[in-house]
Amino acid sequence: MKSKLLTGSLFAALLIGLGYFLSLPQDPLVKANHEHFQYTGRIDFSTPEMPIFSWPGTMIQAGFTGRSIALVMDDHYGMNYFNVFIDQDWDNPIVIKGVKGKRTYPIADNLSEGEHLLTITKRTEGEEGATTFYGVLLAEGGELTPPPPRPERRIEFFGDSITSGMGNEAPEDGPDDNKAEKNNFLAYGAITARNLDAEYVSTSQSGVGLMASFVGFTMQDFYDQLSAIDNNNSKWDFNRWTPHVVVINLFQNDSALVEERLDPVPTDEQRIAVYYDFVRRIRGHYPEAYIICTLGTMDASKPGSPWPGYIHSAVEQWKAETDDQGIDVMIFEFKDFYKHPRVHHHRENAEVLTAFIKEKMGW
């Protein structure tokens, strides 16, 4: 994937094009509550003209006409990165680094005449903060047009940094924590969803676990929030969006921390019980969804690790006690790579998961 980063001198140069928009005789802003904006993900629409989003992988799409387009947003912390695609050119994103305050981000000013498709995806996650979307600026005479129909299939992923895409665009010998190299669009979940033509939601947070976390909360505190910023009192309405498939990829951070941070150290039975409880929570929200419990591909899934066994035991217990046949375990193969998986690992894992879902769901 080749990308163009809108920062520094390039951003300044594109601001020259903004003069074109500003010279229009009327306010050219197409507001965010326009009927042709299609939103995917957990988004706060308390103020419809200024929706706020924070979860990784959140997506906005709209068709438009005209040769020019720019986005108007406020990135609250100035720490987020976004992919912008024109006409589904997935291999060539325009990458935006968010800036604090209401700003205009010119995207293109030399498009062909006719209709185009805008796609925006949030590369980063809740720990980078939230963003307010105000709408778009179009060339004179341009207008929004309907986006493609929503996919009929829907998949939600509950996970940690692996699911968020932490460090996936970093060199293999480089550090994992460069925000510019975190790209949820190329995490295994997003790739799997595109493989299956499914609508995608990523409910994930780097560092989170079920018993012990590198952040100040567990997934049980976090998974039901509207806002992805830390542990907060916002509540997501699970009736607003219902997946056909749920993938749970948790326990990596627990595997690194329970021996070190918890006193007393949880027994095997307690580790199984906490996973069982999370399955119970997910099933309570999604009675009809097919649930896949997975782990990997970091060292919690390496040969000899007990953590895949805890997941198997929890699911077997759940099936025996509830006769729930809509749940299975599929553990990713460890790649003998001890950092966060890179894009090629995510692609390999997506192929495995895609095949598994096709088999189970008949997709």
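This is a predicted model: local features need pLDDT of at least 70, side-chain atom pairs count only at pLDDT 80 or more; totals for chains, interfaces and linings use all residues.
Residues are numbered from 1 along each chain as its sequence is written, and side-chain values rest on heavy atoms, without hydrogens or water. Local features require pLDDT of at least 70 and side-chain atom pairs pLDDT 80 or more, whereas totals for chains, interfaces and linings use all residues.

The largest pocket holds about 500 Å³ of space. A pocket is an open set of points on a 1 Å grid over the protein atoms alone where a 1.4 Å probe fits, with protein on both sides within 12 Å along at least five of seven lines; lining residues have an atom within 4 Å of a point. Of its 21 lining residues, Met59, Trp90, Pro151, Arg194 and Ala198 are the closest to the centre. At least two lining residues each come from strand 3 (38-40), strand 6 (59-65), helix 3 (188-195) and strand 15 (198-204); helices (H or I, at least four residues) and strands (E, at least two) are DSSP runs numbered from the N terminus.

Strand 10 (residues 102-108) is largely enclosed by the rest of the structure, because 5 of its 7 residues are buried (under 20% relative accessible area, 1.4 Å probe, protein chains only). Strand 7 (residues 69-75) pairs with strand 10 in the antiparallel sense over 6 bridges, pairing requiring at least two DSSP bridges. Within this pair, Val72 stands opposite Thr104 of strand 10.

Thr132 lies in strand 12 (residues 131-138) and is buried, at 7% relative accessible area. Beyond four places away in sequence, Thr132 touches Met50, Pro51, Ile52, Val72, Met73, Asp74 and His76 (heavy atoms within 4.5 Å).

Key
Grid points are joined across faces, edges and corners, and a volume is the space filled by probe spheres set on the points. Buried means under 20% relative accessible area, exposed over 50%, partly exposed in between (1.4 Å probe, protein chains only).
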